[in-house]
Amino acid sequence: MSEFSAHIIEADSMFYEGPLESLIIPTEGGMYGVLAHHQNVFMAVVPGIIKYRVPGEKDYREASISNGFLRIYNNDVMLMIEAAEHPDEIDEARVRAHEERAREKLLSQQQQNSFEYNLAEARLRRSIARMSLKERNMF
């Protein structure tokens, strides 16, 4: 299978850098797949779970990600996100606490502007994605 160069960059570190055969990312419009020689594109990414296949590996790797941007240019893919975690890096108690706080913020109608609402919604999406990934990889 053909490969492309990939850079998955967190706000403070490099999460993955190297060749990939495919990458699947969450967007507002649904899951978006990338293969080698994909057309050039720039788009927003939403919190969720990415899947990526490294050459020579049979299975996809998975990670939970926050919001960010995807840029594809001349067979080079750059995914810039605030944070990413593999399933074994997720602290279940911490995620559940974040999820609860985000749900409380969404339900609260006091002093809530659209920015605060959108931020709480993004945090809730990320918490749900993180727990989903953690639960799928518990065995």
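Buried means under 20% relative accessible area, exposed over 50%, and partly exposed in between (1.4 Å probe, protein chains only). The model is predicted: local features need pLDDT of at least 70, side-chain atom pairs count only at pLDDT 80 or more, and totals for chains, interfaces and linings use all residues. Residues are numbered from 1 along each chain as its sequence is written, and side-chain values use heavy atoms, leaving out hydrogens and water.

**Exercise 1.** State what share of the protein chain's residues is buried, then check its radius of gyration against the globule rule.

*Solution.* Start with burial: 43% of the 139 residues count as buried. Next, take the rule, 2.2 Å times the number of residues to the power 0.38, with the radius taken over C-alpha atoms. For 139 residues a compact globule would have a radius near 14 Å; the chain has 16 Å, which agrees. Last, the C-alpha trace spans about 50 × 35 × 25 Å along its principal axes.

**Exercise 2.** Describe how α1 and α2 pack.

*Solution.* Locate the helices, which are DSSP runs (H or I, at least four residues; strands are E, at least two), numbered from the N terminus. Helix α1 covers residues 92–107 and α2 residues 114–136; they pack at about 150°, axes 8 Å apart. Therefore α1 is roughly antiparallel to α2 (angles over 145 degrees count as such). The crossing is left-handed: the near helix is turned anticlockwise from the far one by less than a right angle.

**Exercise 3.** Give the order of helices and strands along the sequence.

*Solution.* Count: 2 helices and 10 strands. Then read along the sequence: β-β-β-β-β-β-β-β-β-β-α-α.

Definitions and conventions: Axes are lines fitted to C-alpha atoms, for helices over the stretch in contact, and angles run from 0 to 180 degrees between N-to-C directions. Angles under 35 degrees count as roughly parallel, over 145 as roughly antiparallel, 65 to 115 as roughly perpendicular and the rest as oblique.
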